[in-house]
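Student: I am new to this structure. Please take one part and walk me through it closely.

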Amino acid sequence: MAYAIARLKKLKRGNISGSASHTARERETPNADPTQKNIRFIGSLDPDERLEDLVLAKIAENEQRRKIRTDGVYCVELLLSASPSYFRPDCPTSAGYYEPQKLDDWVEATHQWLADEYGDRIVRAELHLDEATPHIHAYFVPIDDEGQLRCNHFFDGRQKIHAFQDSYYDTMRLIGLERGIKGSKAQHQDIKDFYRIVEEGRDLEVDQLSVEHLKAKASDRERANQRKQEMEATAKALALENERLRQRIEQLQQDNQQLRLLTEWSTDLALDDVAWELGLWRKGNEWVGRNHIINIDGSKFSDLGNGSALVGNGALDLVKQVNKCDQTTAIAWLGERFGEAGAQRAAIAHAQKVAANIIQTQSAPQFTPPVEDKTNWPAVERYLTQQRGIPSDCVQMLHNQGLVYADSKANAVFVMRDLDGNTKGAFLQGTVNTFSGYEMGTHRRSCSFYFSLGGKATDKSSQAVLCSSPIDAISLFVLEYHVQGIPDNRTLYMAADDTSSLPVERLRHVPHVQVAFIQPNMARTVKKLLPQSKLLKCETVDWNTQLVNFSRQLQQRRLQQNNQELEL
């Protein structure tokens, strides 16, 4: 069974900064993987915004009518998680791994619980993916309905603490999580023990974390029991893997059989057999009769009768030549002599030869980009900056690189290229209507909209960010830029609305890939194709909406600062 986990730690004012520096990874964390990126889903993404300032601002909003005690609790750190066996049921001992759908369901349910239970009194919440098992740190300012800072109102005594856990469990049971044994005296507070003990069905106590509790260790009996569970889980995972391999072998055998049948099906009829059915007889190396002298060489033949040298290719051509008939009559004759399957084989082989000849001799039409209309560029630029919230300097940078421009209908044209830089398509985004789509002739399988930033222009990309649309790719870059600036290493931002458009083989050689698709199914598919990739979860309907919201918050904060400066 998998259990819901809810813990809390009361923070005095002097403890807030230390807790924030740990959860925001501003100081070294030995058991954390620095390559994994944690996600802040409540609160500003501004790295300069201090948790202590957020807490004090929330307290100030509620017109405190009494002085806060020097040892008063200013905020409460909530630690929320679930058993490792929930996130990775097939391999609970694989630290750091989780099933994306399980993670999404748990984060969504926890986010909703925080909103319903505490509302805007949660000033910050972060999802941590860089440790053994996913967990969330949320900071709650304990202000009661009368606007007073009273932590005891919420968490005074065992009964209220159990009520806190019961509330979280009532939500978590909807996604299949159980509650621990109510009333247990367990006091295992060390994070490493925290994930181990919960598998044994204990209800972890939620009183304040203490140094003494961090020294508690599991008994030999507990360790033996845990080892047994790990071995059973490993054996189960191996059994599942063996079954998958067996199914894969069966599928390959079926594919091989189908390929063999397809090869036989696409093979033309033997011309010697067709010549015999046509009433010709062999004379040396030739088939003669009815004023025909047919010389057969594999699938090709030549007719030296009637003083001419006609050349043909395949059974269908031979029937048309000897019987002096059209293609429809020739197929009907083959069906009567060789059956429906034989006639189809001859027709398919003929079609393949015709197609091969066309491909070898005819040039395919090349993609023609939409004609640029510079008079419409100001309108397109306004659309991207004002309606889509993309900074003007970013839009101008892409325009100067020839990656976005305006066409005659005032559409934003996003140029699509292969990774060698060859233009092979374009995605059009309507700015005066709701139209969006691909320009006719776009090679969707071999090109995409992308741009590269950071490092040197000659460097190979060591990072890639994959999004669903050009505007989403640009928006996510802007969001990341506000947090960390231009990336130090060469980073590729790419848009693709289907896995068929992704250069998977090239991306497999990119060390760090972030999958930021809005569609969960597509994100999971790409994760399977690119095992080294990491999933990014958007907080809104798409990355552009998140950028627009962030820009509004930033603008409001700057306006408030300006007003404060004017008042001073």
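**A salt bridge within a helix**

Tutor: Start in helix 9, which covers residues 220–265. Glu243 and Arg246 lie three residues apart there, so about one helical turn separates them. An α-helix has 3.6 residues a turn, so residues three or four places apart point the same way. This is a predicted model. In it, Glu243 and Arg246 form a salt bridge, with their closest N and O atoms 2.5 Å apart. Side chains of opposite charge can pair when their charged atoms come close.

Now look at the surroundings of each partner. Glu243 has 32% relative accessibility, so it counts as partly exposed. Arg246 is partly exposed too, at 38%.

Asp497 is partly exposed, with a relative accessible area of 29%. Arg444 is partly exposed at 38%.

A further pair is Glu505 and Arg508, whose side chains meet at 2.4 Å, N to O. Glu505 is exposed, at 52%. Arg508 is partly exposed, at 38%.

Salt bridges can also join into a network, as they do for Arg13, Arg50, Glu52 and Asp53. Across the whole structure, a search finds 23 salt bridges. The protein around them has 18 helices and 19 strands.

Key: Residues are numbered from 1 along each chain as its sequence is written. This is a predicted model: local features need pLDDT of at least 70, side-chain atom pairs count only at pLDDT 80 or more; totals for chains, interfaces and linings use all residues. Side-chain values use heavy atoms; hydrogens and water are left out. Helices (H or I, at least four residues) and strands (E, at least two) are DSSP runs, numbered from the N terminus. A salt bridge is a side-chain nitrogen of Lys or Arg within 4 Å of a carboxyl oxygen of Asp or Glu. Buried means under 20% relative accessible area, exposed over 50%, partly exposed in between (1.4 Å probe, protein chains only).
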